[in-house]
Amino acid sequence: MFKKLTIALAFFATTAAAGGLQVRDADTIVVDGTPVRLNGVDAPELGTRSGQDAKRWMVNFLRGKNIECKLNGERTYDRWVGVCYADGQDIGAAVIAAGHALDCARYSGGRYRHLETPAAKSRLKRAGYCR
């Protein structure tokens with residue numbers, strides 16, 4: 001049963017166009033009603049200026065693009081976890097390369113570490129669970 005649900009959600013999330021998209025913050029998007037936590041992305045909280053800037057960047061980056069998410073079957077709070085793509089570009093990689101988030105090696109395996117900008121590393125505080 002769980003496996004079928006995961007497959008159904010993965011298919012459901014992969015068929016979304018930008019019109020069915022909401023940005024909660026720079027590491028959580030809602031694709032056609034399915035909340036998705038971007039795997040391996042450590043973005044600042046919305047209560048900070050950096051968090052607000054990161055969300056604004058994400059909204060602008062995703063505007064008008066088709067979104068595809070590959071869910072890994074894990075959940076955190078109310079969100080499914082996965083890697084999402086905007087017109088084929090890894091959204092997590094893009095937000096980190098733009099300096100609005102950091103790599104969360106605990107979950108990414110370090111795949112985004114090389115994309116972190118010096119400015120982001122000096123400005124953003126890495127979450128304790130990402131170290």
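Cys-69 and Cys-84 form a disulfide, with 2.1 Å between their sulfur atoms; the term here covers a pair of cysteine sulfur atoms within 2.5 Å. The two cysteines come from distant parts of the chain, Cys-69 in strand β5 (residues 67-76) and Cys-84 in strand β6 (residues 79-86), 15 residues apart. As for names like these, helices (H or I, at least four residues) and strands (E, at least two) are DSSP runs, numbered from the N terminus. The torsion about the S-S bond of Cys-69 and Cys-84 is about 105°, so this disulfide is right-handed. Both Cys-69 and Cys-84 are buried, where buried means under 20% relative accessible area, exposed means over 50%, and partly exposed is anything in between (1.4 Å probe, protein chains only).

A word on what you're looking at: this is a predicted model, in which local features need pLDDT of at least 70 and side-chain atom pairs count only at pLDDT 80 or more, while totals for chains, interfaces and linings use all residues. Residues are numbered from 1 along each chain as its sequence is written, and side-chain values use heavy atoms, with hydrogens and water left out.

Back to the cysteines. The count of disulfides comes to two, and the other bond is the one that joins Cys-104 to Cys-130, S to S 2.0 Å. This pair also links distant parts of the chain: Cys-104 sits in the loop between β8 (102-103) and α4 (105-108), and Cys-130 in the segment after α5 (118-123), 26 residues apart. Here the S-S torsion is about -95°, so the disulfide of Cys-104 and Cys-130 is left-handed. Cys-104 and Cys-130 are buried too. If you number the bonded cysteines in sequence order, the pairing reads 1-2, 3-4.

β5 and β6 run antiparallel and are joined by seven bridges; two strands count as paired if DSSP finds at least two bridges between them. Along this pairing, Ile-67 has Ala-86 of β6 as its bridge partner, and Lys-70 stands opposite Val-83 in β6. The two strands make a hairpin with two residues between them. Most residues other than glycine have a negative phi. Tyr-77 counts as exposed, at 75% relative accessibility.

With β3 (34-38), β6 pairs in the parallel sense over three bridges, and Val-36 stands opposite Trp-80 in β6. With strand β7 (residues 89-90), β6 pairs in the antiparallel sense over two bridges, where Ala-86 has Gln-89 as its bridge partner in β7. The hairpin of β6 and β7 has two residues between the strands, and Asp-87 takes a positive phi near 50° there. How covered is β6? Mostly: seven of its eight residues are buried.

One more positive phi turns up at Asp-32, about 45°, although this residue is not a glycine. Asp-32 is found in the loop between β2 (28-31) and β3, and is partly exposed, with a relative accessible area of 30%.

On a 1 Å grid over the protein atoms alone, a pocket is an open set of points where a 1.4 Å probe fits, with protein on both sides within 12 Å along at least five of seven lines, and lining residues have an atom within 4 Å of a point. The lining has 24 residues, of which Asp-27, Arg-37, Asp-42, Arg-79 and Tyr-129 lie nearest the centre. β3, β5, β6 and α4 each give two or more residues to this lining, and β5 gives the most, with three. By type, the lining divides into ten nonpolar, four polar and ten charged residues. Ala, Val, Leu, Ile, Met, Phe, Trp, Tyr, Cys and Pro count as nonpolar, Asp, Glu, Lys and Arg as charged, and the others, Gly among them, as polar.
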